[in-house]
Amino acid sequence: MMPELGQVALILGLLLAVVLAVVPLLGAQLNQPALMAVARPASYGMFVFVAISYAMLTHAFMVQDFSVAYVAQNSNLELPWYYRFSAVWGGHEGSLLLWVLILCVWTLALAALSRSLPDRFMARALSVMGMIAIGFISFTFFTSNPFERHVPPLADGNDLNPLLQDFGLIVHPPMLYMGYVGFAVAFAFAVAALLDGRVDQQWVRWSRPWTNVAWGFLTLGIALGSWWAYYELGWGGWWFWDPVENASFLPWLVGAALIHSQAVTEKRGTFKAWTLLLAIAAFSLSLLGTFLVRSGVLTSVHAFASDPERGTFILVFLAIIAGGALTLYAIRAPRLEPSPPTRLFSRESLLLANNILLAVACAMVLIGTLYPLVADAFDLGKVSVGPPYFGLMFTVLMAPLVVLIPFGPMTRWSGDDVGTVFASLRTALLLAVIGGAVWWIVRSGLTLKAALGITAALWVAFGTFAFLRRRWQLRQPGRPYFTAEMVGMSLAHLGVAVFVIGVMFAETLNVERDVRMAPGDSAEVAGYTIKFTELRHHEGPNFVADEGVFEVWYNGKLSSEQHPQKRQYLRGQVMTEAAIDAGFFADFYIAMGEPLDNGQAWAVRLYYKPYIRWVWLGALMMMLGGFIAACERRLREPVKRSAEAPAPVTEPALPALPERA
Amino acid sequence: MWRALIPLIVFALIGALLWSGIGNDPTLVPSPLVGKPAPEFSAPVLNEPQRSISKQDLLGQPYLLNVFASWCPACRVEHPVLNDYAQRGELTIYGLNYKDLPEDANRWLAQFGNPYAGILVDPEGRIGLDFGVYGAPETFVIDAQGTIVYKHIGPLTPADIETKIKPLLQGDRSS
């Protein structure tokens, strides 16, 4: 009964999505306020029904209703309740329902918080959200219904994939979807603006926090996925250039470009067409990611079961949404007024460089990811380009981006003097070079490339500090020293520096050793002494495990005791549960390989991973930067219904100081 | 006007590409070798350079030739599956250590287990070339007469073995 209720709620949600997609849009075209006013109630209603539907599926998992096929596939009687809660999104069908729910949350937030924007504009934007909801609800309902019954009901279910029985994977998909779907807001704004025929700085200003928040969530989702892969897959790597990882990375890159181009459009009124295009691209790439993961056109470690029908559905949907938006763009963009020319050395040019580099990097990752399809289509055989391609190309493209970062905030809009900007960054450059050199000398084993990378990272860090110091020196009474926007930007840029340092160390100084160890043995790796003291049997709720007890000694002191496990789940899967002695400057990673000599000894993986935490710390700082910048009060101020003329910057610029980006 | 059309055109091209990919099982590559006698091979055995295994040595019983390498992450995914089936004696699996170094391969096997009845060493990928190997992992099913009856690209799952490989082998044994 309850699952049917969930199904009915989903259908009602779909009907409301249709109402939302059609009525307000019609109202906006015909200028009928009564029709436009439907947008908000329809958004609220859609959310309520989808939430009910989602709650019903969760309920089915909680009460172990194995008459529901999806529950039977992804849960069993031994599964603890918290994994049953997260098992709702452990498979294809349920994770789609979560996608839909999050889309409805964003629509709800947009409807509730947008009262200061013109009704006509919001009616169109919410309609676009409705169209997206139609696509995803009907995709869920017609091709991947999670409420389908299994007749006769099973006594016990299968099991949730053990890889997913883990905290990292409980939170990873919701965060990732928050990011993916969050770009729908910027997309809806862009389409509404194109329908409107003009790009007001007011909507750009108003959409900036939304983009920042979506991008922040996406950053967090990707970082969680990477962290999970690191400790759960047992290989010690943190990024594999796997198609599914790339699928989330594509919208991230475009989203980063969008954040910067929106800043330019909002402040200077330029880059309008480009901002629209990036907003369309960010969400289209999120859809493309969904397609790649769920259609089975590419092989990946974590792809969902391949199904041509589902693939066709998403592709048609993608063609309608992205194709429609781009067609609208092709018609309307030429009518946008051209951007006023700017001098070559200006904040605009630097941000343009940022956008181009990020967009090219995105194209590079896209080409690399789709290459197997290209090769297949032209009969070149099944080939995929591996990590070497991505590693090289990405470094080549990102190096100039990183080097350019400190210039951006220091350079004034519409033109600045190269010499002045250089002079203000001279100290930062000097400190970065000294710091990089010292680090290179102190830590033997760093390659020249790594030393250069660290120097670049320090350059970003010191350059950011130089900007903050400058800002402080030129403070004026009665005005905030640092706005949220500025703090967020600086934090995100520092995050880039921390991330680069982490990558450089983790890639060049890591030590990976595989040794045969029996209880009582000890091994030395990278200055650590590892003692294998005991091998014992461990029983979990739905698995049994061989558990090793290892002491990690460093500098003659006991650092920690670790318990890596080799788990055998009751449903047959074998999993390696690595144990990590985590530290700010280095991780020590222990994983049980295979038993040797009839279980007398084990092949044990001992990995030394210096600075690996910095990789995720940097990502977290970028995320936090995105969130903080979204708190900028100026962006939430009620917008004046101004003409679209390229408005001057609203606040007088500080003397000899760049406006904030 | 023209410039504004570029994104749409790019998107259309990508869309067409994706369309062509739908329904093609990415792990299924039509191999011209399926149904033909396996290419002749003779290669030294890992850790026993003086011994070698040739196609003739393996005639008389069906076996799997699994292309693996220590540098191949997907091989780690399928490896427990191979270990399982080899341990239960359900499959005879020979390994082709493809474009790899012996010391890397040994370390890798110590870590992940060794399901192979014998491992052929193919450091330059010559045998791989004869078999039309695109990458690792790939698995060839070769029957008692030395004919390739199936080729699998990508990691093997228990489902692949049960539904695609075992039926072929059973037919072979009974005949």
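Two strands are taken to pair if DSSP finds at least two bridges between them. In the predicted model described here, four strands of chain A form an open sheet in the order β1-β10-β9-β8, with antiparallel pairing. Strands β1 (511-517) and β8 (579-581) of chain A stand at the edges of this sheet, and because each has a single partner strand, one side of each is left without a neighbour in the sheet. From one strand to the next, the twist averages 20°. The pairing of β1(A) with strand β10 (residues 601-610) of chain A is antiparallel and extends over seven bridges, and A:Val511 has A:Tyr608 as its bridge partner in β10(A).

At the level of domains, chain A is divided into domain 1, which comprises 2-150 + 162-334 + 346-369, and domain 2, which comprises 511-612. The centres of domain 1 and domain 2 of chain A, taken over C-alpha atoms, are separated by 39 Å. Contact between the two involves eight residues of domain 1 of chain A and 15 residues of domain 2 of chain A; on the side of domain 1 that touches domain 2, five residues are nonpolar, two are polar and one is charged.

Two helix pairs of chain A were examined for their packing. Helix α17 (residues 448-473) and helix α18 (residues 484-509) of chain A pack at an angle of about 165°, their axes lying 9 Å apart. Because angles over 145 degrees count as roughly antiparallel, α17(A) is roughly antiparallel to α18(A), and the crossing of the two helices is left-handed. Among the residues that make this contact are A:Ala450, A:Gly453, A:Leu458, A:Phe467 and A:Arg471 of α17(A), together with A:Met486, A:His493, A:Val500 and A:Thr508 of α18(A). By class, the contact of α17(A) with α18(A) has 16 nonpolar, five polar and one charged residues.

In the other pair, the axes of helix α8 (residues 167-196) and helix α10 (residues 243-268) of chain A come within 11 Å and cross at roughly 45°, which means that α8(A) is oblique to α10(A). The crossing in which α8(A) passes α10(A) is left-handed.

Technical notes
Residues are numbered from 1 along each chain as its sequence is written. Chains are lettered from A and ligands numbered from 1 in the order in which they are written. This is a predicted model: local features need pLDDT of at least 70, side-chain atom pairs count only at pLDDT 80 or more; totals for chains, interfaces and linings use all residues. Axes are lines fitted to C-alpha atoms, for helices over the stretch in contact, and angles run from 0 to 180 degrees between N-to-C directions. Angles under 35 degrees count as roughly parallel, over 145 as roughly antiparallel, 65 to 115 as roughly perpendicular and the rest as oblique. A crossing is left-handed if the near helix is turned anticlockwise from the far one by less than a right angle, and right-handed if clockwise. Two residues are in contact if their C-beta atoms, placed from the backbone, lie within 7 Å. Ala, Val, Leu, Ile, Met, Phe, Trp, Tyr, Cys and Pro count as nonpolar, Asp, Glu, Lys and Arg as charged, and the others, Gly among them, as polar. Domain bounds come from an automatic or database domain assignment.
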